[in-house]
Amino acid sequence: MTDSADPISDRVLALAGLVQALAQVRRIADTGQANESVLATSLDSIFRIDAESPAAVYGSRANLRPGLTLLRDYFGNRARDEQLPRLALAVMQLERRFVRDDEIADKVVRGINAQAATAEASGSTHPDVLAGLGALYADTLSHLRPRVLVQGNPHYLGQASVVAEVRAVLLAAVRSAVLWRQLGGSLWDFLLRRKAMLEAVEAQLR
């Protein structure tokens with residue numbers, strides 16, 4: 001991935017990818033349905049391991065507009081979903097455990113590669129890909145602590161296909177958390193660089 005002259009600008013793209021994925025997790029858990037195009041952006045990012053830039057991980061900056069809008073609301077103290085920041089923190093903590101566990105990290109990479117051909121041929125939102133990625137998350141990341149606990153409508157969370165989709169999108173969220181950390185992101189950003197991050201988000205939205 002090429003270096004950027006503006007690391008915070010790139011960092012907020014990864015953070016937007018993270019919250020955008022988690023917003024879909026919340027939507028799926030509550031309604032059983034995702035926004036198809038937003039879902040595809042998240043799932044496609046899982047397979048773009050060697051993208052040339054942070055924006056390329058998600059196809060384009062435009063694909064991250066929903067996530068950037070969520071970040072603008074959060075940094076501007078206008079966030080409406082109180083569970084979203086808690087989910088994001090849990091995923092960031094999980095990412096720390098994940099990257100330190102070589103065995104699980106290797107298993108995840110092999111699992112992603114095993115799904116790549118189907119995702120290329122049929123699309124990353126194909127039910128077979130969702131099932132495969134969901135099973136991969138269940139076999140690997142779900143065994144690490146802290147577990148990411150998703151609340152929602154019990155009617156939908158009792159359906160195997162919905163649970164698999166939630167897990168697949170959680171895998172995409174972890175992928176964004178890894179990217180965010182690779183770009184120099186840390187939890188200190190939220191305390192020390194909040195204004196700079198809001199400015200970077202607003203610049204990306206313009």
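Predicted model: local features only at pLDDT ≥ 70, side-chain atom pairs only at ≥ 80, totals over all residues.
Let me start with the contact between H6 and H7, where Lys107, Val108, Gly111, Ile112, Gln115, Thr118 and Ala119 of H6 meet Asp128, Val129, Gly132, Leu133, Leu136 and Asp139 of H7, contact here meaning heavy atoms within 4.5 Å. The helices carry DSSP numbering from the N terminus, a helix being a run of H or I of at least four residues and a strand a run of E of at least two. By composition, the residues of this contact divide into six nonpolar, four polar and three charged; in that count Ala, Val, Leu, Ile, Met, Phe, Trp, Tyr, Cys and Pro are nonpolar, Asp, Glu, Lys and Arg are charged, and the others, Gly among them, are polar.

Residues are numbered from 1 along each chain as its sequence is written, and side-chain values use heavy atoms, with hydrogens and water left out.

Staying with H6 and H7, their axes lie 10 Å apart and the angle between them is about 175°, where an axis is a line fitted to C-alpha atoms, for helices over the stretch in contact, and angles run from 0 to 180 degrees between N-to-C directions. The two helices are therefore roughly antiparallel to each other, on a scale where angles under 35 degrees count as roughly parallel, over 145 as roughly antiparallel, 65 to 115 as roughly perpendicular and the rest as oblique.

H7 itself runs over residues 127-139, and its 13 residues should span 18 Å at 1.5 Å a residue, which agrees with the 18 Å between its end C-alpha atoms; the expected span is 1.5 Å times one less than the number of residues. Its buried residues are Val129, Leu130, Gly132, Leu133, Gly134, Leu136, Tyr137 and Ala138, and by buried I mean under 20% relative accessible area, with exposed over 50% and partly exposed in between, for a 1.4 Å probe and protein chains only. Those buried residues pack against H2 (36-47), H5 (83-99), H6 (102-122) and H9.

That brings me to H9, which has 23 residues and reaches 33 Å from its first C-alpha to its last, close to the 33 Å expected. H9 is mostly covered, with 17 of its 23 residues buried, and just after H9 comes Gly184, which takes a positive phi of about 100°.

Leaving out residues up to four places away in sequence, Phe98 touches Ile104, Ala105, Val108, Leu141, Leu144, Val174 and Val178.

Next, consider H1 and H4. The axes of H1 (residues 7-31) and H4 (residues 65-75) come within 7 Å and cross at roughly 95°, so the two helices are roughly perpendicular to each other. Eleven nonpolar, two polar and one charged residue make up this contact, and among those taking part are Leu15 and Val19 in H1 and Leu68 and Leu71 in H4. The buried residues of H4 are Gly67, Leu68, Leu71, Asp73 and Phe75, and what covers them includes H1, H10 (189-192) and H11 (194-205).

Most residues other than glycine have a negative phi, and most peptide bonds are trans. Asn77, in the loop between H4 and H5, has a positive phi of about 60° although it is not a glycine, and Asn77 is exposed, with a relative accessible area of 65%. Arg78, found in that loop as well, counts as partly exposed at 43% relative accessibility. The peptide bond from Arg145 to Pro146 is cis, with omega near 0°, and Pro146 is found in the loop between H7 and H8 (154-157).

Finally, in H2 we find Ser45, which is buried, with a relative accessible area of 1%, and which touches Val57, Tyr58, Ala172 and Arg175, not counting residues up to four places away in sequence.
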